[in-house]
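Please read it with the structure open beside you.

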Amino acid sequence: MKMSGFFKKEGHQTSLVQGYEEIGKFDKLYLSQVFTDTCVPPKVLILGNLTYGGTGFYYDKAPKLPDEIEHCMPDYGLYDAYIEKIRRYGESDSVYKFYTDYSIGFLTRGCFRQCSFCVNRNSTRSVPASPLEEFMDEKRKKLCFLDDNFFACPEWESLLDKVMETGKRYQFRQGLDLRIMQKKHIEKLFSGKLDDKVYFAFDDIRDKDLIIRKLDLLHETVEVKMKYIRVYVLCGFDRVGKWGNGFWYQDIRDTLERVKILMSFGCFPYIMRYEKCWTSPYYGMYTVISRWCNQPAQFKKKSLREFCNLQGGSSKRYLDEFEKEYPQISEYLDMKYDEVVADGALYRG
Ligand code: SF4
């Protein structure tokens, strides 16, 4: 959208290409890719009039956009024809609301943590990136921020003040780093017009005590229904880089332990599967855990065992086989949201 905005300003016409069969119609093509596992036909990549880039091709080595494009107002109209098309297919508004209702951008970029699984692993700090007015379309009623680690930026407070001055609803879509958040961060964040859910991250079981303390602090500091708190839970990433036999059971257990902690606070986990999950011998377990957690209506009403039994077929088989091999996992299979929340003393201070 930024590239389209830039080229339109330069007097060019731009369109979103909606299928490879259309690519012959254009003088110049730009192709970006976010995820590394997206497939692009090799014959497309060698086209003489194509420039491609993005984290999907280069991951943490992706060249940055030139400044004059990076700091250009996005062309929010670029997706209009695509939205029209999916509307005709009868998709619900929630599928495309980000295309129609939100101004989207990065108030800050970067992070100091250097997690080895993250595209920001070479970054050393969070710094201001785009001033709000650079990407805010006055006509759009909401704001969506994609910042990597907003509260790690020393200027977070003045940036948030400017957001609040707009009077628009806002959300941080990437998981905020709860570990560094203090009372002042929580109070400020929740004093504005938050939109929809608030997303945090709980990527590593070794942060368990800290996350519990911070969830307690959140509970004490603001009156927020915890069902509006969503927490990303990374699984399938081996920090020693081996993915050996001992790893998978422990990782599945650590994932369910994090789910249990979040449940006890009434929050909803969102499972993020690292790519190795797809080739894990326990691929099926990762699938059923993420299907259960990532559908809040199912997660709220059913235990993992009930969910799998109801699904039947391979879901039930994955769970039964795993439990047979690792009976110690049973303690996590029958936990139910309402019961675990009611038994809040489990983790909550
Ligand atoms: S804290 Fe988040 S943004 Fe920062 S390096 Fe780790 S995963 Fe990436």
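1. Lysine 188 has 17%, so lysine 188 counts as buried. Keep in mind that this is a predicted model.

2. Lysine 188 sits in helix α9 (residues 183-191), where His185, Ile186, Leu189 and Phe190 are buried as well. The cover over the buried residues of α9 includes helices α8 (156-165) and α10 (208-221). Strands β7 (169-172), β8 (198-201) and β9 (229-235) also contribute to that cover.

3. Lysine 188 forms a salt bridge with aspartate 161, with the closest N and O atoms 2.4 Å apart. This pair links helix α8 to helix α9 across 27 residues of the chain. Aspartate 161 is partly exposed, at 30% relative accessibility.

4. Aspartate 75 and lysine 8 also meet in a salt bridge, 2.9 Å from N to O. Aspartate 75 is in the loop between α4 (67-70) and α5 (80-88) and lysine 8 is in helix α1 (residues 2-9), so the bridge ties together parts 67 residues apart in sequence. Aspartate 75 is buried at 10%; lysine 8 is partly exposed at 41%.

5. Aspartate 207 pairs with arginine 179 in a salt bridge, the closest N and O atoms being 3.0 Å apart. Aspartate 207 lies in the loop between β8 and α10, and arginine 179 in the loop between β7 and α9. Shared partners join Arg113, Asp177, Arg179 and Asp207 into one salt-bridge network.

How values were computed
Residues are numbered from 1 along each chain as its sequence is written. This is a predicted model: local features need pLDDT of at least 70, side-chain atom pairs count only at pLDDT 80 or more; totals for chains, interfaces and linings use all residues. Side-chain values use heavy atoms; hydrogens and water are left out. Buried means under 20% relative accessible area, exposed over 50%, partly exposed in between (1.4 Å probe, protein chains only). Helices (H or I, at least four residues) and strands (E, at least two) are DSSP runs, numbered from the N terminus. Contact means heavy atoms within 4.5 Å. A salt bridge is a side-chain nitrogen of Lys or Arg within 4 Å of a carboxyl oxygen of Asp or Glu.
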